[in-house]
Amino acid sequence: MRSVPTAILLILTTLATGAGPQVPAAPAPPMSPVQTELFNLPGSLSNAWGDFDNDGDLDLAVSSTSGVRLYRNAPGGFISVGEALGLPASSYEIRGLSWGDYDGDGWLDLIGGPIAAEQATMVFHNGGGKRFAEVAGELGLTIPGRSARVTSWIDFDNDGDLDVYATDRTGDNRLFRNDGARFVHVFAGAGPTDPRPTVGACWLDFDRDGDLDLFLANQSGATDALWRNEGHEFVDVAAELGLDARGRTSAEGGVGCAVGDYDNDGHLDIFLASYGKNALYRNQGDGTFTNVAEELGLAVQNRAVAAAWGDYDNDGLVDLFITSYEGTAPGSQVPANALFQNRGPRGFVNVLTPGSVLNAGDHGVQWIDYDRDGALDLSLTRGYGPVGGHPLFHNDLARAPAQRSMSVLVLDAAGHYTRAGAEVRLYDASGKLLATRPVQTGEGYGSQSAGPVHFGLITLAPVSVEVTFMTKAGRRIQTVRNVDPKLYAGKSLVVRQDG
């Protein structure tokens, strides 16, 4: 690709995106496929990354039309261990895998939901990294009558434990409060029990009041939602804020959503992947949003499914990968992916062409640093067409720019991974904000990472790390000052919540 003239690359980029600022294109990132024979499960749908064995690196769970696979991240490469540990190698179709420590024992558990309403959501309790046991029935989380796309572990009531939000493509979404031994359906018939056909769900504190609010991407011509969490109730404010995407045809709708601070202003923005035109809702910082997708080159007409933010080139700006597909007949769908490089005020430029090796997914997408070399790697799933799989691509960024990065792992007071929705900010020595990253609550379409947040850095100068936790008393900030990023090469700065 490096030998192709810039003018031709620009033409290819414009054809691929259908929109975009007229700025010089860039070559796609140097990435190489990993263990292709292992990651070839047909009908792969969702991918979730988490350290299930507490050995310090991220492992991969994948669901498909036929079962669940789990790959241990070992020194010599990934090893398929799911069946040996009790996960179903053969089952009904599962989507929306997600890791979360629901019982606070220090081990990540796994949840996934069925595509067919007559089947049950499954929860796999992690027994010390050595065995998984299916416990949905005893927890009250079989969630009958559901067609799942996303299942989220979040602490909506700030009581310190993880609750469950279960989307439904064909019926009511449901929010379950964690009451210790069992989960209880709350807000029945109201608020987040939204009857619209929901595919994507993202949680964030958009109004900065100290609790997590809920954005829903809805399909089949339905409007989208932004449910503001007011403690005793949820109120849909999408219409008044211009986030409801009204006027869709029945063939259009929201699919995936991704939360990130694309312009480094400290406010979390929302990207919406759609059947139709994508949207990028810029958070104005005053409780309002503006759709800036058109002016920044992201208002592409497509059949987009999932999206994920990640700074793949470590330039301090988060880039955006979008999985989408072309074709409608069974077996004829082919990937039509895009990787939009963030050019700051100049907008976004798609650096992929249809023949790119990264044009390989049509469902889940996740940026992770699985080998802890400082550069974000790319995990995809492909569920449609004759060629399936869940390809993983290693980011072959040169050593110096790869090490120009920093990883931050946010944990609760007990040292457990339960603080999804917390916000992490970096500041330089002068107090200037460098970037903001959310602790992920789920991203894209049925894709999730229960791991550290990643920052690309312009320099390796010392920084201050600020974490905003959601608590009963509101937003609470903890700061770690004078952090030398060079000391965290190959590992994460761990920030535990006080109290």
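The following paragraphs describe the fold of one predicted chain, from overall dimensions to individual residues.

The model is predicted, so that local features require pLDDT of at least 70 and side-chain atom pairs count only at pLDDT 80 or more, while totals for chains, interfaces and linings use all residues. Residues are numbered from 1 along each chain as its sequence is written, and side-chain values use heavy atoms, with hydrogens and water left out.

The secondary structure of the chain amounts to five helices and 37 strands; helices (H or I, at least four residues) and strands (E, at least two) are DSSP runs numbered from the N terminus. For 499 residues, a compact globule would have a radius of gyration near 23 Å, and the 21 Å of the chain agrees with this. The radius of gyration is taken over C-alpha atoms, and the globule rule is 2.2 Å times the number of residues to the power 0.38. The C-alpha trace spans about 60 × 55 × 50 Å along its principal axes. Of the 499 residues, 61% are buried, where buried denotes under 20% relative accessible area, exposed over 50%, and partly exposed in between (1.4 Å probe, protein chains only). The chain exposes about 17500 Å², of which carbon and sulfur atoms supply 53%; accessible areas come from the Shrake-Rupley method with a 1.4 Å probe, and for residues only the protein chains shown count as cover. Contacts are defined by heavy atoms within 4.5 Å. Among contacts between residues at least 6 apart in sequence, 54% join residues at least 24 apart.

One disulfide is counted in the model, a disulfide being a pair of cysteine sulfur atoms within 2.5 Å. It joins Cys 202 to Cys 257 with an S to S distance of 2.3 Å. The link of Cys 202 and Cys 257 is right-handed, with 110 degrees about the S-S bond.

An open sheet of four strands shows the order 1-29-28-27 with antiparallel pairing; two strands pair if DSSP finds at least two bridges between them. Strand 1 (31–34) and strand 27 (365–368) stand at the edges with a single partner strand each, so one side of each has no neighbour in the sheet. From one strand to the next the twist averages 25 degrees, with axes as lines fitted to C-alpha atoms (for helices over the stretch in contact) and angles running from 0 to 180 degrees between N-to-C directions. Four bridges connect strand 27 and strand 28 (residues 377–380) in the antiparallel sense, and Ile 368 has Asp 377 of strand 28 as its bridge partner. In the loop between strand 26 (348–350) and strand 27 lies His 363, which is buried at 1% relative accessibility. Beyond its neighbours within four places in sequence, His 363 contacts residues including Leu 45, Arg 95, Thr 323 and Tyr 445.

Strand 8 (residues 122–126) has four of its five residues buried, so it is largely enclosed by the rest of the structure. It pairs in the antiparallel sense with strand 7 (residues 109–114) over three bridges and with strand 9 (residues 132–134), also over three bridges. Phe 124 in strand 8 is the bridge partner of Leu 110 and stands opposite Glu 134 in strand 9. The hairpin of strand 8 and strand 9 has five residues between the strands, and there Gly 128 adopts a positive phi near 65 degrees.

Positive phi values also occur in residues other than glycine. Ile 143, not a glycine, has a phi of about 50 degrees; this residue is located in the loop between helix 2 (136–139) and strand 10 (151–154) and is buried, with a relative accessible area of 2%. Asn 314 has a positive phi near 55 degrees. The loop between strand 22 (301–310) and strand 23 (319–326) holds Asn 314, which is buried at 0% relative accessibility.

Gln 284 occupies the loop between strand 20 (279–283) and strand 21 (289–291) and is partly exposed, with a relative accessible area of 32%. Residues up to four places away in sequence aside, Gln 284 touches His 267, Phe 289 and Thr 290.
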